[in-house]
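Biologist: Let's look at the charged side chains in this chain. Can you take me through them step by step?

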Amino acid sequence: MWMLELTKLLIPFGITQIIYWVNNESEDTLSMTAAVIIKILPILSITLFAISQKQCELPDNRRLQSWFIRGLIFSMIGDAFMMDTDKYLKFGMGSFTIAHICYIIGFGFNELKPLHITPFFVYGVPVCLYIITYMKDVPMIIGTLIYGTVLHTTSWRTLARMNSVPSMITAAGAVIFIISDTLIVWNLFISPVKYSRILIMVTYYAAQLLLSICLVEANIMERKLKKQ
């Protein structure tokens with residue numbers, strides 16, 4: 001059962017990854033429309049996988065399913081804006097802020113486990129405060145602090161719901177998302193990161209894929225309940 005569901009997720013994702021990386025070197029020569037489409041294809045494949053799943057009956061799973069799809073849609077909007085960070089960085093950050101709020105609502109607050117927010121204070125706060133010292137635009141500073149808080153809240157909620165291997169994989173996705181976004185802001189505001197495009201996109205796609213394992217887990221849970 002697990003292998004079947006993972007195959008439905010991984011094969012389309014893998015194909016779209018091949019399409020993206022084959023065209024990665026020529027991205028600058030593509031039209032903006034073509035570059036955006038190729039960039040969002042992997043996330044679109046996850047979105048279509050999520051939509052294709054039968055609606056969950058358990059309230060928590062149904063909430064997770066519906067809000068995760070919303071988060072993926074806003075992620076694709078953010079991907080489009082991030083194609084031109086010189087003009088649309090704030091719009092991209094705003095879109096991903098909404099995406100993570102959707103993820104947070106989906107994961108819920110059934111188990112608070114406040115100690116699991118410790119990484120935010122150990123890593124998130126010092127890094128955010130350090131990064132904003134390189135920013136001069138006040139709205140950008142405020143946006144960065146808000147986004148950093150929301151991003152780490154997503155991580156907190158995934159860590160708080162860890163009770164199985166799939167939920168641990170989902171939590172790993174949230175942590176990798178933090179790494180990916182740290183690379184983005186470091187590269188933009190502090191100093192150029194070698195192979196930044198590759199590192200950012202590898203971690204970003206990995207984060208979204210691992211986060212989406214929560215959908216597979218929810219679907220398997222629903223099937224098991226129906227068999228009882």
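This is a predicted model: local features need pLDDT of at least 70, side-chain atom pairs count only at pLDDT 80 or more; totals for chains, interfaces and linings use all residues.

Biologist: How many salt bridges does the structure hold?

Modeller: To count, a side-chain nitrogen of Lys or Arg must be within 4 Å of a carboxyl oxygen of Asp or Glu. The number of salt bridges in the structure is five.

Biologist: How many residues apart are R223 and E5?

Modeller: R223 and E5 form a salt bridge, with their closest N and O atoms 2.8 Å apart. R223 sits in helix α9 (residues 213-227). E5 sits in helix α1 (residues 2-22). The pair links distant parts of the chain, and the separation is 218 residues.

Biologist: Is E5 buried or exposed?

Modeller: Buried means under 20% relative accessible area. E5 has 0% relative accessibility, so E5 counts as buried.

Biologist: Which residues are linked with R223 in a network of salt bridges?

Modeller: R223 pairs with E5. The network also includes a lysine, so the residues linked with R223 are E5 and K8.

Biologist: Where does D137 lie?

Modeller: D137 meets K90 in a salt bridge, 2.6 Å from N to O. K90 lies in helix α4 (residues 85-107), and the pair ties together parts 47 residues apart in sequence. D137 itself lies in the loop between α5 (118-132) and α6 (138-160).

Biologist: What is the relative accessibility of E111?

Modeller: The side chains of E111 and K113 meet in a salt bridge, 3.5 Å from N to O. K113 is partly exposed, with a relative accessible area of 30%. E111 also counts as partly exposed, at 43%.

Conventions:
Residues are numbered from 1 along each chain as its sequence is written. Side-chain values use heavy atoms; hydrogens and water are left out. Helices (H or I, at least four residues) and strands (E, at least two) are DSSP runs, numbered from the N terminus. Buried means under 20% relative accessible area, exposed over 50%, partly exposed in between (1.4 Å probe, protein chains only).
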